Amino acid sequence: MGTAVDPTARFLETQAPGALDHDESVEITEIMNVARKLGLAGNIAELEAFGYTVVPAEKVAPDAFQQRLRQAVLDVHERRSGHRIVDTEVDETGGAGPLSSHWSLLREDRVFEELVQHPVVSTLAQYLCGKSVLLSDITALVKNRDERPTFSLHIDQFGTPPPLPTYAPMCNVTWVLTDYTLDAGTSAIVPGSHRFGRAPREYEQDFLAESPAVRAVPIEAAAGSVIVWGGNTWHGAYPRNRPGVRVSVNAIFCRSYMRQIRDFRLEAECPSEVLTRNPPEFAQLLGISHAYPCRAGEAAEPEARLRFKRSGMNPWA
Ligand SMILES: [Fe+2]
């Protein structure tokens, strides 16, 4: 019997010096190392297996941050709708319809800057959309007691024909601000649907029908939890059947080659002082220094753009 040869070691010996420096798994290895330290390895396994995961509140943030975030969303709701919500467990929304959606939250409160840089959020967004992931927008949803359905089954990855890519071109990170239960109007999810490679067809969308073509299940998540799914996962939402409101904030991320929902390079969307008080990685997350799209005659010099923007000058004026 000869000595057993480790095939992996043998393969590595055949590689030119430095070859592994260019291995495409380096990036994902770095992200996984961070994920393990944060206790998120199981959540990543769930993303792979089911297309979504719930990170429990105790792994995410202390209660004080949760309260700040929830109050910031309720303040935005009051400024934009005129309705003040003091107690999320009683009806006081003044017949605002089943759902209020608030877009473009970055400039509304500093807590939203912290939200998109939170390690749990940024690590899972990077896992799904790469280290060059971009913030697409931040939205909030306030759902009232109303028997009318809000979202039938859909994917968040709009505008992509089948077959969808096997990776996530974008992802949705939902920070749960009130308990998500069936009667509270939680999200509906179709586990494993990220492998279907297409959006639901019209006859598959009504998961609340008596005999639905596709079976969805409710996501149970306590306030403070973070729900993550990729852009290919089929999901919807149940109506709220109990008093009060369901409140959440959604950070939407996309890969670097995609168009963001929000153009954060505009001063009106992201004032210079917001960039100045955050680390350079934040500007990168917002695409401030992204090379594209160039304007006529403009050189693609990302660092120069960032420098201009952080100095308070506006190179796009
Ligand atoms: Fe959605």
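This is a predicted model: local features need pLDDT of at least 70, side-chain atom pairs count only at pLDDT 80 or more; totals for chains, interfaces and linings use all residues.

Trainee: How many helices and strands does the chain have?
Mentor: Helices (H or I, at least four residues) and strands (E, at least two) are DSSP runs, numbered from the N terminus. Going by those runs, the chain comes to 9 helices and 9 strands.

Trainee: What share of the residues of the chain counts as buried?
Mentor: Buried means under 20% relative accessible area, exposed means over 50%, and partly exposed is in between (1.4 Å probe, protein chains only). The chain has 317 residues, and the share that counts as buried is 47%.

Trainee: Among contacts between residues at least 6 apart in sequence, what share joins residues at least 24 apart?
Mentor: Contact here means heavy atoms within 4.5 Å. Of the contacts between residues at least 6 apart, the share joining residues at least 24 apart is 82%.

Trainee: How far does H4 reach from its first C-alpha to its last?
Mentor: H4 covers residues 63–81, which is 19 residues. The expected span is 1.5 Å times one less than the number of residues. For H4 the expected value is 27 Å, and the helix comes close to that, reaching 27 Å.

Trainee: Which elements do the buried residues of H4 pack against?
Mentor: The buried residues in H4 are Phe65, Gln66, Leu69, Ala72, Val73, Leu74, Val76 and His77. They pack against strand E2 (99–102), helix H5 (110–117), strand E3 (134–146), strand E4 (170–176) and strand E9 (240–254).

Trainee: Which residue just after H4 takes a positive phi?
Mentor: Look just past the end of the helix, where phi is about 85°. The residue there is Gly82.

Trainee: Why are H4 and H5 called oblique to each other?
Mentor: Two packed helices are described by the angle between their axes and the distance between the axes. The axes of H4 and H5 come within 9 Å and cross at roughly 125°. Angles under 35 degrees count as roughly parallel, over 145 as roughly antiparallel, 65 to 115 as roughly perpendicular and the rest as oblique. So H4 and H5 are oblique.

Trainee: Which residues make the contact of H4 with H5?
Mentor: H4 contributes Phe65, Arg68, Leu69, Ala72, Val73 and Val76. From H5 come Val111, Phe112, Glu114 and Leu115.

Trainee: How do the residues of that contact of H4 with H5 divide by class?
Mentor: Ala, Val, Leu, Ile, Met, Phe, Trp, Tyr, Cys and Pro count as nonpolar, Asp, Glu, Lys and Arg as charged, and the others, Gly among them, as polar. By class, the contact of H4 with H5 has 8 nonpolar, no polar and 2 charged residues.

Trainee: How far apart are the axes of H5 and H6?
Mentor: Leu115, Val116 and Gln117 in H5 meet Pro119, Val121 and Ser122 in H6. The residues of that contact divide into 4 nonpolar, 2 polar and no charged. H5 and H6 pack at an angle of about 50°, with axes apart by 5 Å.

Trainee: Is Thr186 buried or exposed?
Mentor: Thr186 lies in the loop between E4 and strand E5 (187–189). Not counting residues up to four places away in sequence, Thr186 touches several residues, including Lys143, Tyr180, Pro218 and Arg246. Its relative accessible area is 0%, so Thr186 is buried.

Trainee: What is the relative accessible area of Ser104?
Mentor: Ser104 sits in the loop between E2 and H5. Its phi is near 55°, a positive value in a residue other than glycine. Ser104 is buried, with a relative accessible area of 6%.

Trainee: Where is Pro163 found?
Mentor: The peptide bond from Pro162 to Pro163 is cis, with omega near 0°. Pro163 itself is in the loop between E3 and E4.

Conventions: Residues are numbered from 1 along each chain as its sequence is written. Side-chain values use heavy atoms; hydrogens and water are left out. Axes are lines fitted to C-alpha atoms, for helices over the stretch in contact, and angles run from 0 to 180 degrees between N-to-C directions.
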